[in-house]
Amino acid sequence: MEKIAFLGLGSMGLPMARRLLAAGYELTVWNRTAAKAELLASEGAKVAITPAEAAWDADVIVTMLADPEAVHAVVGAMLPALRPGKRLIDMSSIGPQSFAALAAKLPEGVTAIDAPVLGSVDRAAAGQLILFVGGDPTPVQGILEQFGRITRCGGPGAGSALKIVVITAVIVGVTEIAEAMKLAATYGLSEDLVTAALTNSPLGGVAARAFAEGVHYPIRLAAKDVALATASADLPLARTVHGQLAWLADTEQDLGKVVDQLR
């Protein structure tokens with residue numbers, strides 16, 4: 001089995017890395033906050049001090065980081081360890097332009113694919129994420145299948161593009177659910193009545209996400225994802241939503257809580 005380096009052990013990365021350990025992969029982990037990496041040491045992972053150390057002996061390197069700046073910084077730090085034949089899988093949400101810039105800086109012979117995910121912490125732990133994959137996932141399919149269902153999107157960057165399209169639609173929809181609840185309150189309607197009606201409407205999937213418990217998608221990351229969308233196209237509605245999310249970003253709350261914050 002391939003040796004894997006996993007960099008980024010946040011709310012999503014930690015359960016994803018655990019799935020690789022459970023599957024029997026030899027795993028080296030790195031995280032900016034070292035204490036999170038140490039959590040996996042007792043489960044059989046090796047802990048690296050630097051990104052380059054993590055990548056040095058790995059056949060496959062997985063990055064699961066917060067934003068484009070973090071991905072570029074970490075990959076830049078590991079460049080001395082990237083030799084021909086290694087494969088880099090970026091599972092962060094950084095958008096197609098940033099992924100293209102990332103791939104361009106890799107040494108010749110290093111293959112990069114993008115595989116951002118849709119789903120939250122519970123689905124990450126269960127291996128039920130949706131993976132939007134750009135590039136050919138065949139050589140690393142066994143690894144990716146530990147995380148969930150693969151959707152082949154096309155060439156490199158196409159997965160990153162589709163992720164931003166889908167997540168922007170979800171975020172805008174959740175924000176609209178918040179406004180619908182605010183409107184319902186002005187009419188004096190029962191919250192339980194409106195919640196049930198929205199959940200059973202054509203917006204049911206988005207409403208379920210807005211009212212869900214036990215998921216984790218910080219508002220600051222939602223704002224980041226919408227910003228990537230509005231930087232790519234003229235999207236007036238998404239731009240307005242981004243303004244609302246940016247105002248709430250410092251609360252460190254889950255996106256679903258926007259329903260409480262904006263009503």
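**Figure 1. Lining of the largest cavity.** Arg87, Leu88, Ile89, Thr111, Ile113, Asp136 and Val140 line the largest cavity of this predicted model. A cavity is a set of points on a 1 Å grid over the protein atoms alone where a 1.4 Å probe fits but cannot get out, and lining residues have an atom within 4 Å of a point. The lining comprises 4 nonpolar, 1 polar and 2 charged residues; Ala, Val, Leu, Ile, Met, Phe, Trp, Tyr, Cys and Pro count as nonpolar, Asp, Glu, Lys and Arg as charged, and the others, Gly among them, as polar. Residues are numbered from 1 along each chain as its sequence is written. Local features need pLDDT of at least 70 and side-chain atom pairs pLDDT 80 or more, while totals for chains, interfaces and linings use all residues; side-chain values use heavy atoms, without hydrogens and water.

**Figure 2. Strands β5 and β6 at the largest cavity.** β5 (87-90) and β6 (111-114) each give at least two residues to the lining, and β5 has the largest share, with 3 residues. Strands are DSSP runs of E, at least two residues, and helices runs of H or I, at least four, numbered from the N terminus. The volume of the largest cavity is about 40 Å³, taken as the space filled by probe spheres set on the points, which are joined across faces, edges and corners.

**Figure 3. Contact of helices α8 and α11.** Ile164, Ile167, Thr168 and Ile171 of α8 meet Ala222, Asp225, Val226, Leu228 and Ala229 of α11, contact being heavy atoms within 4.5 Å. These residues divide into 7 nonpolar, 1 polar and 1 charged.

Note on methods: On a 1 Å grid over the protein atoms alone, a cavity is a set of points where a 1.4 Å probe fits but cannot get out, and a pocket is an open set with protein on both sides within 12 Å along at least five of seven lines; lining residues have an atom within 4 Å of a point.
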